[in-house]
Amino acid sequence: MTSSPLLERLSARLGPKGFTADPVAIAPWAEDWRGRWKGAAAALLSPASTEEVADVVRLCAEARVPLVPQGGNTSMAAGATPDASGDAMILSLRRMNRIRALDADTDSAVCEAGVILADLHTATAEVGRRFPLTLGAKGSATIGGLASTNAGGTQVLRFGTMRTLIQGIEAVLPDGSVWNGLTALKKDNRGYDLKHLLVGGEGTLGVITAANLRLVPAVGARSVAWIGLDTPDAALDLLRMLEAAMGDAVESFELVPRVALDLVLAHVPGTRAPLAEPHAWNVLIEAVSPMAAPSPEKALYEALHSALGTGLAADAVIAANERQAENFWRLRDSISEAEKQAGPAAKHDISVEVAAMPRFMREGSAAVESAFPGTRVIAFGHLGDGNVHFNVGAPLGAGPEWQESEGTRVTSYAHDLVVAAGGSISAEHGIGQMRLAELARLTDPARLAAQRAIKAALDPHGIMNPGKLVPPAPAPGAGSLA
Ligand code: FAD
Ligand code: MLT
Ligand code: ZN
């Protein structure tokens with residue numbers, strides 16, 4: 001139980017802006033984005049500096065009280081949601097929202113953990129640069145959360161995940177000590193890379209307080225197109241053809257099935273279909289050229305013209321202006337919101353080898369829909385990364401209880417198919433609490449043991465985000481795979 005002397009000390013250290021134990025103020029932050037996981041917390045702590053974070057962690061470590069780091073609370077794995085006991089405290093980084101440095105000469109930005117992704121996009125544009133990672137939750141997701149989940153998004157094809165864009169990290173470790181690793185060293189071989197343990201560590205090994213991020217030149221011109229086609233196989237062939245024709249100008253290549261587009265059109269006000277006729281599959285493409293280089297539009301037009309000629313694509317439209325380009329992106333970025341409104345679904349975030357994904361989607365969808373009559377697979381997303389959100393919608397009329405009963409069985413079934421195909425059950429969203437049991441069930445024991453050992457070494461009292469990412473060791477003699 002959380003002792004009130006601790007609450008008093010935290011309140012005194014953080015002041016009224018940084019501390020609340022009011023259940024009404026805490027409630028919105030104690031449940032996940034989908035409203036599926038509901039927890040409780042003894043307090044919401046919102047420090048405004050690294051020193052305050054360090055003091056909070058030290059006090060909680062001494063009292064053995066768990067902390068759940070939180071940024072924008074947009075986790076798709078319920079990673080920032082405390083358990084229902086009310087023993088933990090939420091450690092919000094949202095007040096730490098300063099861009100400490102923005103340097104166009106060195107192409108770097110040092111951001112505090114609570115900087116919102118969209119705000120960083122705006123700030124970098126003002127100095128002729130950009131931070132090349134984006135996703136549908138950019139208006140809420142924070143640099144600390146993105147780093148801690150090693151987030152992906154819709155530009156991974158060209159620029160990689162957060163891990164490839166992080167040059168340095170500042171963090172508070174589980175005993176309250178501060179590690180300053182913000183310097184952007186291109187080469188550094190001093191052994192285990194603490195930065196890369198914290199990135200993707202989901203707040204289980206410490207609190208990221210700031211990150212040094214790599215920037216790239218601002219976009220000179222972009223061309224955004226919406227393509228209708230028949231199969232995911234045709235979509236992947238189209239990507240390869242575009243890459244051959246346009247090199248790395250293609251920054252985004254997002255797959256949208258008809259069923260997902262229909263959900264968006266039905267649930268998101270002000271949206272309309274880009275093509276005259278519906279197609280079984282759609283692709284959203286963004287091609288980009290740097291400043292002072294010719295626009296990518298002509299090359300994209302010619303490549304798409306040729307794809308239409310060979311029958312690889314069935315129809316295509318290139319956005320006539322920025323407004324139309326943004327409307328195409330809105331269709332893509334609203335899929336999760338539309339799914340949320342459409343009812344229960346078992347959500348999966350899977351990857352297999354890129355070339356194997358079309359076949360996996362074909363065979364996996366047929367297998368799931370036949371094993372669970374009435375369900376329908378809605379697989380969309382980052383085809384060029386070999387990562388789709390292989391979501392399975394509940395049969396019509398199913399209530400929320402479907403999720404816990406049948407939905408859990410659907411998930412195990414789908415994950416078994418992924419593991420059989422040599423893939424991963426978490427491509428970009430992380431494990432959180434949502435995939436913890438599945439990670440324990442499906443992970444090589446050697447890897448799990450190493451993960452537990454790292455956790456125990458850095459966080460011996462287990463105060464950092466317990467119940468997330470690292471499955472508990474099985475009871476002696478339990479005989480489980482994990
Ligand atoms: P939170 O949700 O608050 O936290 C996420 C995890 O990081 C938790 O485990 C938390 O404890 C930990 N954490 C947060 N801040 C810190 C910190 N400072 N130090 C240590 N640990 C911390 N994800 C993708 O990868 N690709 C997508 O395309 C994508 N699209 C999305 C679209 C929508 C509409 C939504 C709602 C989510 C999407 N996500 C996507 C998931 C989500 O946006 C990302 O996981 C994001 O990185 C979470 O950022 P956040 O600030 O909201 O973190
Ligand atoms: C996306 O690509 O839109 C996301 O990762 C969100 C989701 O899986 O729902
Ligand atoms: Zn995604």
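**View 1. The hairpin of S5 and S6 in the predicted model.** In the hairpin of S5 and S6, four residues lie between the strands, and Asp 107 there takes a positive phi near 50°; strands, like helices, are DSSP runs numbered from the N terminus (E, at least two residues, for strands; H or I, at least four residues, for helices). Four bridges join S5 to S6, and the two run antiparallel, with Ala 101 standing opposite Val 110 in S6. This is a predicted model, in which local features need pLDDT of at least 70 and side-chain atom pairs count only at pLDDT 80 or more, whereas totals for chains, interfaces and linings use all residues. Residues are numbered from 1 along each chain as its sequence is written, chains are lettered from A and ligands numbered from 1 in the order in which they are written, and side-chain values use heavy atoms, with hydrogens and water left out.

**View 2. The antiparallel sheet that contains S5 and S6.** Five strands form this open sheet in the order S5-S6-S10-S8-S9, with antiparallel pairing; two strands pair if DSSP finds at least two bridges between them. Strand S5 (99-103) and strand S9 (178-181) are the edge strands, each pairing on one side only. Direction ignored, neighbouring strands of this sheet are turned by 15° against each other on average, where axes are lines fitted to C-alpha atoms, for helices over the stretch in contact, and angles run from 0 to 180 degrees between N-to-C directions. Strand S6 (residues 108-112) is joined by five bridges to strand S10 (residues 207-214), the two running antiparallel, and Leu 213 in S10 is the bridge partner of Ala 109.

**View 3. The mixed sheet with S3 at one edge.** Four strands form an open sheet in the order S1-S2-S4-S3, and the pairing is mixed. Because strand S1 (19-20) and strand S3 (67-70) stand at the edges with a single partner strand each, one side of each is left without a neighbour in the sheet. S3 and strand S4 (residues 89-92) run parallel and are joined by four bridges, and Gln 70 stands opposite Ser 92 in S4.

View 4. Taken alone, ligand 1 exposes 970 Å², of which the protein buries 97%, with accessible areas coming from the Shrake-Rupley method with a 1.4 Å probe.

**View 5. The surroundings of ligand 2.** Met 76, Arg 332, Ser 336, Lys 347, Phe 380, His 382, His 389, Glu 428 and His 429 are the residues around ligand 2. Oxygen atoms of ligand 2 lie 2.7 Å from a polar side-chain atom of Arg 332, 2.9 Å from an N or O atom in the side chain of Lys 347 and 3.1 Å from a polar side-chain atom of His 382. The protein covers 87% of the 270 Å² of accessible area that ligand 2 has on its own.

Definitions and conventions:
A residue is near a molecule or strand if one of its heavy atoms lies within 4 Å of it. A polar contact is a pair of N or O atoms within 3.5 Å; within protein, one must be able to donate a hydrogen and the other to accept it, and residues adjacent in sequence count only if both atoms are side-chain atoms.
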